[in-house]
Amino acid sequence: MTKTKPKLHFSRKLLAIPYALFLAVFVVVPLLIVVYYAFTSDDGKFTFEYVRVFFDKNGNGLKGFLTSYNFKTIMRSLFISFMSTIVCLLIAYPVAYIIANCKLKNKSTLLLLFIVPMWVNFVLRINALKELFVWLGTYNKSDAWNIVNTIIGMVYDFLPFMILPIYTTIIKIDKSYLEAAKDLGATPAKAFVKVTLPLSKAGIVSGISMVFLPSMTNYVVSNYLSFRNVKIIGKLIDDYFTGDLWHDGSFISLILLLFMFLVTWLTGGFDEDEQTNTRGASLW
Amino acid sequence: MVKCKCILKWAFIGLILAFIYFPILFLTVNSFNESDHIQNWTGFGFDHYAYFFSFENEPIRVVLQTLLLAVIVAFLSTVFGTFGAIGIFYSKKRTSSMLTAVNRIPVINADVVTAISFALLVSFLNIDKSTYIPLVLGQTLLCAPFVVLSIIPKLRQMDNNLYEAALDLGATPKKALFSVIIPQILPGIVSGFLLSITLSLDDYVIAAYTKPDSFTTISTHIYGLDKNNILGAKIKAAYWAFTAIIFFIIVLVVIVSNVVTYKKARSKKR
């Protein structure tokens, strides 16, 4: 990191300009349009109308909001998302740990086994899961089952995104730290808590940021696996936009954007250099 | 004691693998079912494969056009992403960290929000969806940031002196870029390209909001199927055959990768 950058880099630096333009036009401007739609009426005048409609549709104040459809949907999404993230983590960490520490020569093949189902189109994969639920008799059995099935679907879909970053951080841990811990008298459990766990934090954090928001918004999964009975934020936004209620939809998107910034802020910020990211950049 | 722990470990791995593969296997088995409905097995047959591979029917055409779209999108994303990554990496610290931050937005952001905000832009600029421009650009916007993320680590690993040496030896910056930097970061470029293909193939939301009405991808096609009508059920069953084919490819790849690592290990021993 301390390498000095060459002074003669005019040609390379200029390469950032087209990409910066690309990002500005297709990432920043669209988000500004969302903000614009959330706070303007059809004739382009500034308004808080859609904020009011969202929080206080019937004029019942806070009580009205807490029993409103929108609020319930958001709470339901948060619940599904929390559960999916936790279950993913509880499965992915041991899997990544076992593969990274196993003595087999072909670790990469074993890892590949967990990643490669992603080659099956995700709608097909979820469809497969649905047919399985129908076969097992848990499909649309009750409201509780619908939620459980949705969570299983989210876990099924996003598990690789949790396994990969955790695996990449664990495999990088210098084994001599663990030996040192052992020499200094730590039990294996203590060595794990004091050495491995802190050193793999980056992977966990990156995995969480890859699972949390998608499992709040991926309405293909929830629609398929709950007979359209479980509504999550993603579906809410989709309904507003397909119903041509762009302003309301934009305001809810804004709330999701807020969640995104919150998650990013909690998980270590935007400009972190050593991201062990991503939806599998190390996949290939 | 140690042995018992070991068994427990592999039992856990096996259980999770079973969870991952069982649904796919379930469809694979049913792709040989003569009936169009999974719940009743009427006999072994290749009907769904015949239906899938016949060009008169929709599924194979949809699969091919989805693949074509994925290749185009992946190509564009790779070009944008590669030059973007190089540009970002060699910019001044402040520009670089700002661009990295914006680059991360589509990566972390919920797909729905990316999709609808882009769709709003499309309607704002009044671009006709039937030109395919919104679809291709929308998916490129989804994939290019991932290409950037897979290339930057390679740039970091690269020895900076190589580029300077090339310049000292009289190469123009352009020449140095193409014959020194690009070959050095090629693994990152390739993995970015492959990742883009997977992302584009898997995308549902962006395609749903930006595609021309006459065009479908695998995702939007399956999602829109009504399996209660006879044709819908038939098409759906044809996609089981497609799933099975992918499954067989997966098995093949895993075996080959296993053999390759095994051979490598053996030749190293010698």
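Colleague: What share of the contacts in chain A with a separation of 6 or more comes from residues 24 or more positions apart?
Modeller: The share is 74%, where a contact means two C-beta atoms, placed from the backbone, within 7 Å. This is a predicted model, in which local features need pLDDT of at least 70 and side-chain atom pairs count only at pLDDT 80 or more, while totals for chains, interfaces and linings use all residues. Residues are numbered from 1 along each chain as its sequence is written, and chains are lettered from A and ligands numbered from 1 in the order in which they are written.

Colleague: What is the corresponding share in chain B?
Modeller: In chain B, residues 24 or more positions apart account for 74% of the contacts with a separation of 6 or more.

Colleague: How many helices and strands does chain A have?
Modeller: Chain A has 15 helices and zero strands. Helices here are DSSP runs of H or I with at least four residues, strands are runs of E with at least two, and both are numbered from the N terminus. Chain B has twelve helices and zero strands.

Colleague: What part of each chain counts as buried?
Modeller: For chain A the figure is 44% of 284 residues, and for chain B it is 44% of 270 residues. A buried residue has 20 or more other C-beta atoms within 10 Å of its own; 12 or fewer make it exposed, and anything in between partly exposed.

Colleague: How does the radius of gyration of chain B stand against that of a compact globule?
Modeller: Chain B has 23 Å, whereas a compact globule of 270 residues would be near 18 Å. The radius is taken over C-alpha atoms, and the globule rule is 2.2 Å times the number of residues to the power 0.38. The C-alpha trace of chain B spans about 75 × 65 × 35 Å along its principal axes.

Colleague: Why are α7(A) and α8(A) called oblique?
Modeller: Helix α7 (residues 122-136) of chain A packs on helix α8 (residues 143-172) of chain A at about 140°, with the axes 11 Å apart. Axes are lines fitted to C-alpha atoms, for helices over the stretch in contact, and angles run from 0 to 180 degrees between N-to-C directions. Under 35 degrees is roughly parallel, over 145 roughly antiparallel, 65 to 115 roughly perpendicular, and the rest oblique. The two helices are therefore oblique.

Colleague: Which residues of α7(A) and α8(A) meet?
Modeller: Phe122(A), Arg125(A), Ile126(A), Leu129(A) and Phe133(A) in α7(A) meet Asn149(A), Gly153(A), Tyr156(A) and Asp157(A) in α8(A). By class, this contact has five nonpolar, two polar and two charged residues. Ala, Val, Leu, Ile, Met, Phe, Trp, Tyr, Cys and Pro count as nonpolar, Asp, Glu, Lys and Arg as charged, and the others, Gly among them, as polar.

Colleague: How many residues of each chain are in contact across the two chains?
Modeller: In chain B 79 residues touch 79 residues of chain A. The chain B side divides into 54 nonpolar, 19 polar and six charged.

Colleague: Why are α2(A) and α4(B) called oblique?
Modeller: Helix α2 (residues 16-38) of chain A and helix α4 (residues 93-108) of chain B cross at roughly 40°, their axes coming within 10 Å, and they are therefore oblique.
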